[in-house]
Amino acid sequence: MGPLATTVTRLYGTRGWVTLGVCAFLLFVLVPLGNLAIPEGSIFHISTYWVTLIGKIMCYAIVALAMDLIWGYCGILSLGHGLFFALGGYAMGMYLMRQIGREGQYKMDMPDFMVFLDWKEFPWQWWNSDQFWWAMLLVVAVPALLAFVFGFFAFRSRIKGVYFSIITQALTYAAMLLFFRNETGFGGNNGFTDFKRILGFAITTAETRVALFAITGAALLGTLLLARYIVISKLGRILAAIRDAESRVMFCGYNTVNYKLFIWTLSAVICGIAGALYVPQVGIINPGEMSPANSIEIAIWVAVGGRGTLVGAIVGAGAVNGAKSFFTQAAPEYWLYVLGLLFIVVTLFMPRGIVGLYGQLREKWSRRAAA
Amino acid sequence: MNRRNFVRAIGLSAAITACFASPFAYAQAKTVKVGIMHSLSGTMAISETVLKDVALMAIDEINAKGGVMGAKIQPVVVDPASNWPLFAEKARQLLSQDKVAVTFGCWTSVSRKSVLPVFEELNGLLFYPVQYEGEELSKNVFYTGAAPNQQAIPAVEYLISKDGGGAKRFVLLGTDYVYPRTTNKILRAFLKSKGIAEKDIDEKYTPFGHADYQTIVADIKKFSAGGKTAVISTINGDSNVPFYKELGNQGLKATNVPVVAFSVGEEELRGVDTKPLVGHLAAWNYFMSVKNPANDEFRKKWAAYAKAKKLPGADKPLTNDPMEATYIGIYMWKQAVEKAKTFDVEKVIPAVGGQTFTAPSGFSVKMDEKNHHLHKPVLIGEVKADGQFNVVWKTKGPIKAQPWSPFIAGNDKKKDAPDGKTKI
Amino acid sequence: MRITSILLLLLFSVLARPAAAFDADAVRALVFGDGEQQVAAIAALVADGDARGAQVLEALAEGELKTSGKRILIVQGEKAIDAISGAVLSAPHADAEEIIANNRLRRELAGGIAALKLASADRATRLAAAKELSGGAAEAMLPLVRKALDREDDPGIKGMLEMIAAAMEIKSSDREVRIAAIRRLATSSNRDTKTLLLGVLERKDGAWVEADADLRAEAEKSLRVVEGQLAWGERAGLAFAGVSLGSILLLAALGLAITYGLMGVINMAHGELIMIGAYTTYVVQNLFKLHAPGAFDWYLPCAVPASFIMAAVIGMILERGVIRFLYGRPLETLLATWGISLVLIQAVRTLFGAQNVQVENPAWMSGGVEMLTNVVLPYSRIVIIAFVAVVLACMWLLLTRTRLGLFVRGVTQNRAMASCVGVPTGRVDTLAFGLGCGIAGLAGCALSQIGNVGPDLGQSYIVDSFMVVVLGGVGQLAGTVYAALGLGFANKLLESWSGAVLAKIVVLVFIIIFIQKRPQGLFALKGRSVEN
Amino acid sequence: MSASFKEFSGGAAGELAPARIAGEGLDATHGVVLYLDDISVSFDGFRALNKLSLAIDIGELRCVIGPNGAGKTTMMDVITGKTRPDSGTAFFGQTIDLAQLTEAEIAHAGIGRKFQKPTIFERHSVFENLELSMKTDKRVRKSLFAKLDGAQQDRIAEMLELIRLAGSASRQAGLLSHGQKQWLEIGMLLMQEPRLLLLDEPVAGMSDEETERTAELFLALAGKHSLVVVEHDMAFIGRIARKVSVLHEGSILAEGSLEQVQADQRVIEVYLGR
């Protein structure tokens, strides 16, 4: 059998691929039909609310995967991943702002906030921002570049563990303050909002939404397979080895800096892409996304789901954000208790997260049986 | 990750999704759902929580009197948690899942900007109760707070007047976001028109949650050495306490350098020891201290409600301008519905225009037929030792809002009404 | 000089002739007139210096002057006096409308009353009055000031009066008087002096407003002197601000230096423990308000231990309940404590409400010492700086001089070994963590005096605290101290030329770069122990 | 069983070693593989190494003994680039200045190190442990697409035989006994095909039988590789020792055959003096 086939079989067994197929069917067939074909009022109708909500959560899931790659598999906890996410979002946002054209409050060619600050021409950051391909380039390049430069210096000077976490936090915090300033040229505190069109399609129509939804789904599955490929490759084993005994890896003759740098940058790029998919669906990007709290939450999704397992990351993102969306209405006064306690319980009693729970319990039983 | 994990995980997430899908829509006869969307957690909870409470109070009141067109109002409270994307999500949820007839909510400009597209897309109806920077009009939004010309401009006029102390130099101090930026931009233009020179205007911004005002206050002192100075503060709610405490401690008295604030009301002063601040000013469309029957009733009702519901701070119940604006908004919507004889947004919107209501401020305020803003009186108050305000100046009557400030270039051509269809 | 003053005396006596009768019209004008008339009335009442006139002014200043119909009353508690007739009215006047004095009026009043007080026999009163007047007095007060000057024997007060007089005489018609005034102003220690001198040097469309050249020259000279003083003031102020901010950062970070620095617990709930300290202070304050309003000014000394204990206890509970199961898993601790912080915040919201609560400074902490011309050092900040120093000293002693300290250091260096030699590691951990949290509580108590007290008070300090500890070098108390003060100064210096927002960004970037250079912080341990 | 060594090490030295080493340009003319020339290292005032000089010949098996804190481990840290000397020079062969290289590069150049406390990848299988340490192109891209070819499979199989872990190839390394871990780590070293092996207390926690085997293995390796063995177990030293260096307070106290060294007065003081 050919190399591709071997890769395929190595990635997942039959059941795995079947499950993936089912997910793909849900994402690309069921939901679109449920939303577009089936009329409202029918119980099978899937409302746009669900489409956007699940779309949003899938973006988060992609971020969680990125975080799991770097934290779960390489043992590097980043408290600054919100920054890369936001950068991707801003890159996309700039393009969307240009797409608004003359339909803003001021009916001008430039985005409202620029008209308002009476800027006469676009600042340099906005060069070429009306080109979609350029936006896509930025989505990938900006997080990649920042991550690479930052990571290069950080890893070369052997910054480890908590130190690394703290300075990534400082990084995203500084970036947030920077983006809050109106002079920075990205709409200050309000950021970008009120988008109208993407690639000429009206952004609010159900079709566009479903399309975005499907693309996000594809991105999620793609990321999952990519991550899977990495973690089962020798590279993946080396990353895990770095996590467990970095010095031994070095004495085996591996240049760990390069390995960390590779996975770190990749993870940042994935975040950027997630951000780019997030913005058109949610309809706003602003510096709030860079606040340290958001980045910590990303880590929490992974921990809740189960770090070191890819599915765990996805489940975690789904569970936490789902719970958030649910409880903010079901129990607006008390949802923070629920969330907070969830984190404590998970870290205390479910070190392997939700997906690890089953195995954990089984071990307990078997130990009981043995005793 | 082994396959079993995978399968199990998928099952689990499916379960989660299922638990959302479970319909929590009540099937009562003759009720109408109304959305209340104020942050109950996060940074903005400080200001927004009371608005949720006052809205619930008004709703109880209306229901007690038989509801709207015989339908009991059923409030749907959500917590957007001071998280702007979450605002958008919640707005969509209220409109498309709960099918609310109207929503009362938002405080910060960014939250409003975040939900605006959703309301326009799903053609919902939002009442926005906070003073804001203007430069916006939407068919789907009614602004019951003040536009800049209903708050900032009169305040500055007062400062320039002899009674206001005849200020010659101005420090425009604000938190670095849109509302202060816009307001200060408008004020700059206005001050120029009053013949104040560039060099006599100093514009300063601090980051969100800035807590150390030593340098700022020192600079103000320095600046004030150049001539009779007044400070115009658009500092965001939370930073006000450290700012005022610093003012007091560094001995800047209102008699030397008065500070007029646009986002400091009774609630904000709750956290401050006001004795050193006596004489500093605030401009609003309502003060708790105004004396008139409507306000006495409003205050009494609120005090009673706070006590009954055991709200925190019920020992010292305070009312403020955004609360009044929320209250007005709810009643205006009620009247509009009763006029339109339907909850259908398309029909309610035109009916809201022209509604009048005897507001606690003591004036009969009117919703402009065209521009979706209230005609409001402007009051200027001086801080008293007890944290209340002395009204030292007020307009003869309500004045019309100018969402498009004439002091911003290009606004003269703007038409004073939202475009018919904002959807594309 | 003499001549001028005599001239002025004559002038004054002319003014003062109708002083016989008390000017009822003035009082009416004061009450019913518009702004202009009111100001004029005040001037008149002051000028004829009649006792009842003074009483009316005082009443207005105190907000005791009320009207019922055409009647003007001075209402003090139950009893009311007719301001015109002076008759005492028994019936309390509920309907009486208070007359509201706005800033302008209040300024005039303060000046007037002070001017009258200059005649008082009591030195303190005169001093206070002089102080008040040097805050800016109306021209009309000049005669009174002059009169007082001639009567005054106390050198201190005399000096102040000289300045006050000069500040007015600079606008006098007599050239000699003006020059003399300008010369004197050079030595003035008053904020508004600069304004006055600038007034002389003002130019309208190119041409000097003041024609007299050598008068301008004098003004120039004095101005230079004054500005020199101001410049010094600014420098001093900046330095103080730096120290103050540094001390606050330090206080916020000290607790973390133990829990994180020594014990390696990444305590994301640190900020919330600060917040708890602040709320404890608030509660103590309210208890005093309720039960011992007399001793209110002394609530703080009780609040300090209270907030320490409160935070410490909660800290220990957390340690026993959650954190102890996570030793050696720092990143898990981070997540758990993050959850804890969410719960604590929401708990406070439910208990005290989402709004800020009011924590009053005790009287002895509000206000400040005025050193130099334009620097006021707020007492609250001075107290806090001292407080930090004390806390630091105690902590140092505790860690270096006591058995507990020895144990803590032992456990943090080698847990296994320590337990082998019989150190009760479990209890030591709990106590150490409690100590760290207690200090966070103290920080909250102090911060409540300068900032606002709200549920997310802690959030604004947590990031900075971590920066300080990491920058200083984990496990290095000395490092923490240097780092905090360093950051404080850096922040303030930058802020003075780049504005607050940029300053913060620059500092953060600096920290990032610095840690690249010294991955272990300012004071790093070298050697085999560091790696692995 | 010693046959198996011959076979193996023959294979190692015969076909693979020379070619690769030539590739890495290790110039071992003069027959010396490692020079340390008055190296000094101090941590916060404490002098761990004090003007230490040491030379290891090609194929030599050198034992280093000395009381705790004599600087044995620090010496290894210096050689493997973990610690940088404050003064002095360390050369691998004639040309490679160890002070210029990172740990990875040094390892690549052909110095393998076994730690005092066995450090292996506890959460990987025994097989993976060997796979990861095998001598191949260790750049990122290569390892992303790496697949084991037949030859490599065989080498790992051989090694498993050699270190007697063939039975537990797929076992998680963390679950091995202490002795087995020691062996695994030695195996990992050998997979790197180093010219010089630094072995820090290799037989600590081994049964006598295992110790015996280890001795045989080392003796077999000597000649193809150069070995530096740091050990406290005098019996073991006696079993393998040809030349012994005694380290004391960071510098060489005595050097020679075990008998000579043990006869040396200063050495006796150092060991018995306290």
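**Reading the model against its definitions**

Modeller: Strand β3 (residues 102-105) of chain B and strand β4 (residues 126-128) of chain B run parallel and are joined by 2 bridges. This is a predicted model, in which local features need pLDDT of at least 70 and side-chain atom pairs count only at pLDDT 80 or more, while totals for chains, interfaces and linings use all residues. Residues are numbered from 1 along each chain as its sequence is written, and chains are lettered from A and ligands numbered from 1 in the order in which they are written.

Biologist: What makes β3 and β4 of chain B a pair?

Modeller: Two strands pair if DSSP finds at least two bridges between them, and 2 bridges join β3(B) to β4(B). The bridge partner of Phe104(B) in β4(B) is Phe127(B). Strands here are DSSP runs of E with at least two residues, and helices are runs of H or I with at least four, numbered from the N terminus.

Biologist: Why are β2 and β5 of chain B said to stand at the edges?

Modeller: The open sheet has 5 strands with parallel pairing, in the order β2-β1-β3-β4-β5 (chain B). Since β2 (72-78) and β5 (141-143) of chain B each have a single partner strand, one side of each is left without a neighbour in the sheet. From one strand to the next the twist averages 25°, where axes are lines fitted to C-alpha atoms, for helices over the stretch in contact, and angles run from 0 to 180 degrees between N-to-C directions.

Biologist: What makes α9(A) mostly covered?

Modeller: A residue is buried if 20 or more other C-beta atoms, placed from the backbone, lie within 10 Å of its own, exposed if 12 or fewer, and partly exposed in between; 14 of the 18 residues of α9(A) are buried. Gly253(A), with a positive phi near 95°, follows α9(A).
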